[in-house]
Amino acid sequence: MTKPSLPDLLHAAVSAVGGTERPGQVAMAEAVGEAIDDNSHRLIQAGTGTGKSLGYLVPALAHGERVVVATATLALQRQLVERDLPRTVEALHPQLRRRPQFAMLKGRSNYLCLHRLHEGAPQDEEEGLFDQFEAATPTSKLGKDLLRLRDWADETETGDRDDLTPGVSDKAWAQISVSSRECLGATKCAYGAECFAEAARERAKLADVVVTNHALLAIDAIEGAPVLPQHEVLIVDEAHELVSRVTGVATGELTPGQVNRAVKRAAKLVDEKSADSLQTASESFERVMELALPGRLEEIPEDLGYALMALRDAARNVISAIGSTRDKSVHDEDAVRKQALAAVENIHTVAERITNGSEYDVVWYERHDRFGATLRVAPLSVSGLLREKLFEDRSVVLTSATLKLGGDFNGVAASLGLSPEGVEGDDVPVWKGLDVGSPFDYPKQGILYVAKHLATPGREGTRGDMMDELAELIEAAGGRTLGLFSSMRGAKAAAEELRGRLDNPILLQGEETLGELIKAFAGDPKTCLFGTLSLWQGVDVPGPSCQLVVMDRIPFPRPDDPLMSARQKSVEEHGGNGFMAVAATHAALLMAQGAGRLVRASGDRGVVAVLDPRLATARYGSFLRATLPDFWYTTDRNQARRSLAAIDAGAQAEGK
């Protein structure tokens, strides 16, 4: 039997989901198919509306060998497993003569742990969750959540936190889940045969397509012990997020509270001398942290160095002691020991990493009003790690609506550890970039307006001229505005100011769950929604409710961000342009994502307004503009208002 062609398979899949085939989608599917056949790598930019999920799923399913698809957001994982994959598998069955299996796999802590549920979590707090006189009645929201989780445990087939609706707080979930370090292991656990996390792993081993997240992909790469099943092809969707997710997984932290909890857990399991030395080291560390000021530590201060060495050594002794003690008086001794060991091992690992010091690590203090000081350590760069762990022994396809920054792929490629496109040599992964465009007619559907007449935003203080401009734009648009702010403080200030000036309802991120806010915003065209980072990337509101997207300023990283400023300095020390490589690249990525909120469907019309004159006047402005969709460009404020008023009038005439 002749092998079915990719265009035929794609046509069948697109028809099954009721979509329209697009030239960009066909080009993408062929490029993914080539990469799989050649065992090579691709970076593919596919604009909103291309249908990129099918663009990579069809060649992946046709391939026949195991494929891992890693995404950044829960929404896309669910879409793939609940909608795209089932329909595509059925659509391709007549031609492929098989039904490829698929499964979702996440980190262990995302699944309910039956051992923790039935045996209980080792308690740190003196108070229990329930009133001792009325044991059946929860005395708190936490107690109510736990009762609901107990009921859910009897019904759920997956034990996956994301299948629980409505969700529960992180604190409640922590009572019935374990990290991979705390897990007893299926063979030692009384509930091993029924374990949800193990069942998910087994399903993944049998699947042709495994859908996972960037964090688990990072753990698989960093920790050496394979978490994902063997696979020949890796597809990374939402690939613009990968570097920050990998950095997050590779970041260690220590807080006095975390160290105290570890001390309490270990004290029951080791001899008095070991417990006392860890307690003493914990107190020294706490005293140092009380005086900690936020910022990067280019050198470790002497008092912190001594405190960390004491913690490291005391933790090492406790780890040895926990391994050799047995105490049958401790309820559920194995689980208590495993949890204590995980907590102390983390302290030892982070304290040793900072004490040893590496030119490739950045160490800094953070302060939080409620939680006090945190000590963090993160890699200066993850590019070497990604080059070594991601691109060997498999074909890798990275795709996103935002991979070309300033007009080419090389900036994103460098952050992934890749050489510029076309460079060949030993140990250099060879890759090709492809921009399959967008089905939208951006110059006709959207306007990029830069408010060139405004004052350059400073670091502090309110921007009266910006508030006036924002109010006028919202009035011209009749509401319909998504306000993207570079800080939560800026979003709050604008919401407070404009609620007093305008009749339009203004929703503010944090005042309700994100899902509820987006629903309310989409449901009423007069409404505006203001917020920060998750709105720049997580909002999909096609139609007349979102016809004006406003960015208050170019979203450069804060100058005092320890990790970003360290990365910038490192690029400069190696002869590069640190500002362009780090700050401008970071801003370009976010602005492209933010501008992408405007046009989500072929009938959408609107304006992206940037209230920061530097986009028009600064030398780096052209780099940032080259990253944005190809909207019609103007700095004429009257033109922007007239266009918004016309779009609003058109929507009202259609009754929207």
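**View 1. Helices H5, H8 and H14 in the lining of the largest cavity.** Helix H5 (114–119), helix H8 (196–206) and helix H14 (333–356) each give at least two residues to this lining. Helices here are DSSP runs (H or I, at least four residues), strands are E runs of at least two, and both are numbered from the N terminus. The model is predicted: local features need pLDDT of at least 70, side-chain atom pairs count only at pLDDT 80 or more, and totals for chains, interfaces and linings use all residues. Residues are numbered from 1 along each chain as its sequence is written, and side-chain values use heavy atoms, with hydrogens and water left out. A cavity is a set of points, on a 1 Å grid over the protein atoms alone, where a 1.4 Å probe fits but cannot get out; lining residues have an atom within 4 Å of a point. Of the 24 lining residues, Cys113, His115, Val178, Cys183 and Leu184 are the closest to the centre of the largest cavity.

**View 2. The aromatic pair of Phe485 and Phe530.** The two rings are tilted, 5.2 Å centre to centre with 50° between the planes. Rings of Phe, Tyr and Trp (its six-membered ring) pair if their centres lie within 6.5 Å; planes under 30 degrees apart count as stacked, over 60 as edge-to-face and the rest as tilted. Phe485 lies in the loop between strand S13 (481–484) and helix H19 (488–501), and Phe530 in strand S15 (residues 528–531), 45 residues apart.

**View 3. Arg625 and Tyr633.** The charged end of Arg625 sits over the ring of Tyr633, 4.9 Å from the ring centre. This requires NZ of Lys or CZ of Arg within 6 Å of the ring centre and within 35 degrees of the ring normal.

**View 4. A cluster of rings.** Phe440, Tyr442 and Phe631 are linked into a cluster by ring pairs. The whole structure has 7 aromatic pairs.

Notes: 1 Å grid on protein atoms, 1.4 Å probe; cavity = no way out; pocket = protein on both sides within 12 Å on 5 of 7 lines; lining within 4 Å.
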